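Welcome, and thank you for opening the viewer. Keep the selection tool at hand, and we will go from stop to stop together.

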Amino acid sequence: MKMNCFGKQNGAVLILMFVGLFMAGATVVLTALNNRNPQLRENARVQAAMQEAKQALLAYAVMYNNEFVGSGPGRLPCPDKNNSGELEEGVDCAGAAFGRLPQRHTLPFGALVEFGNLYAGIDQQFWYAVSANYRHPVVPTSPLNSSTPGTLTLDGDEVVAVIIAPGQALGTQSRIPANVNSSVHYLDSANSGGTNFVSLDAISPETFNDRLLPIRRRELMTLVTARVAQEIKRVLDPADPYPDVATFETAMAAAGGWYITDGWDARVIYTQDSPRAQVQFTDCNIVYVLTPGDPDLQRTNSTSC
């Protein structure tokens with residue numbers, strides 16, 4: 001009996017031990033999960049802020065035009081090189097491809113674009129890089145249209161621009177005031193170079209916590225095609241029905257402006273469909289139908305650039 005009792009007690013002790021170990025393990029797991037929840041929430045907030053900034057940049061690019069220098073839509077703001085909150089302009093813009101994401105800018109026709117609350121919640125603002133041929137220069141050096149490639153890469157793929165939210169300081173990064181404009185103290189791996197970006201570092205993942213959101217040419221130009229079609233409609237609208245191809249080309253050439261200087265005339269296929277007209281973009285296969293007297297554009301397919 002004593003042996004049986006002793007055996008039962010041993011069994012009870014083992015069960016209690018396993019229960020204790022399980023509870024201890026569960027406590028560790030739950031604690032870890034609870035500790036992760038704030039980080040998960042913060043990550044979601046940062047991602048939402050990055051998306052908001054991206055939408056503002058796209059809106060800026062679609063609305064942008066400067067008839068004084070013949071530069072039209074598709075152009076993105078220059079970065080903020082000195083952490084002033086304002087984008088660089090003039091000569092400074094010509095040399096600025098990488099810096100902080102600016103907070104605001106007034107477009108040439110007076111519209112104010114706010115790029116949102118740029119703080120990631122961990123002591124720094126977003127960083128931002130833009131392809132040199134997509135910046136808005138004082139005098140455009142080359143046309144900008146749907147065939148213009150981006151000059152940056154993300155994981156080897158062409159992109160037009162990149163928004164970067166740095167994580168907390170790692171390794172030798174020192175975020176003292178003197179280093180506020182030094183990318184190596186905020187961005188990890190190749191990202192501090194400002195040209196060829198990576199979304200992870202397979203060699204040293206423990207020293208990488210940047211979060212990146214690209215702007216790709218196809219998503220930018222898909223939006224810009226609608227702006228170009230609206231410009232065509234603006235020129236043609238006095239006519240009802242819309243003209244034939246030869247008259248269309250003459251009218252657009254006479255109107256001049258960014259439609260010609262940015263080379264959109266070589267990217268558009270115009271077809272008369274009396275009284276309407278169709279406008280197709282060769283690089284995107286996007287087709288819009290224009291109707292006299294109707295302020296809206298009708299898009300006939302869901303293709304993107």
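A residue counts as buried when its relative accessible area is under 20%, as exposed when that area is over 50%, and as partly exposed in between, using a 1.4 Å probe and protein chains only. What you see is a predicted model, in which local features need pLDDT of at least 70 and side-chain atom pairs count only at pLDDT 80 or more, while totals for chains, interfaces and linings use all residues. Residues are numbered from 1 along each chain as its sequence is written, and side-chain values use heavy atoms, with hydrogens and water left out.

**The whole chain**

Begin with a cartoon view. The protein chain has 5 helices and 13 strands; these are DSSP runs numbered from the N terminus, with helices being H or I of at least four residues and strands being E of at least two. Of its 305 residues, 41% count as buried. Contact here means heavy atoms within 4.5 Å. Among contacts in the chain with a separation of 6 or more, 60% are between residues 24 or more positions apart.

**Strand β9**

Now select residues 211-215, which make up strand β9. This strand is largely enclosed by the rest of the structure, because 5 of its 5 residues are buried. In a regular strand, side chains alternate between the two faces of the sheet.

Strands β7 and β9 run antiparallel and are joined by 5 bridges; two strands pair if DSSP finds at least two bridges between them.

Which residues is L213 in contact with, leaving aside its neighbours within four places in sequence? They are M50, Q51, K54, A161, V162 and I163. K54 deserves a click: its C-alpha atom is 7.9 Å from that of L213, although the two residues are 159 apart along the chain.

**Salt bridges**

The term stands for a side-chain nitrogen of Lys or Arg within 4 Å of a carboxyl oxygen of Asp or Glu.

A search of the whole structure finds 7 salt bridges. For another, select R217 and E158, whose side chains meet at 3.1 Å, N to O. R217 lies in helix α3 and E158 in strand β6, so the pair ties together parts 59 residues apart in sequence. R217 is partly exposed at 23%, and E158 is partly exposed at 31%.

Next, show D283 and R267, where the closest N and O atoms of the salt bridge are 2.5 Å apart. D283 sits in the loop between β11 (276-281) and β12 (286-290), and R267 in the loop between α5 (258-261) and β10 (268-273), so the pair ties together parts 16 residues apart in sequence. D283 is partly exposed at 33%, while R267 counts as buried at 19%.

Return to β6 and display its sheet. Here 3 strands form an open sheet in the order β6-β5-β8, with mixed pairing. The edge strands are β6 (157-159) and β8 (196-197), each pairing on one side only. Strand β5 (residues 152-154) pairs with β6 in the antiparallel sense over 3 bridges. In β6, V159 is the bridge partner of L152.

**Helices and cores**

Select α3 together with helix α4 (residues 245-255). Their axes come within 10 Å and cross at roughly 100°; axes are lines fitted to C-alpha atoms, for helices over the stretch in contact, and angles run from 0 to 180 degrees between N-to-C directions. That makes α3 roughly perpendicular to α4, a label used for angles of 65 to 115 degrees. At this meeting point, I232, V235 and L236 in α3 meet F248, A251, M252 and A255 in α4.

Finally, color the largest nonpolar core, which has 44 residues; L76, L220, I232 and Y259 touch the most other members. Such a core is a set of buried Ala, Val, Leu, Ile, Met, Phe, Trp, Tyr and Cys residues joined through side-chain atoms within 4.5 Å. Apart from it lies another core, of 13 residues, including F98, L152, L187 and F208.

Note on methods
Angles under 35 degrees count as roughly parallel, over 145 as roughly antiparallel, 65 to 115 as roughly perpendicular and the rest as oblique.
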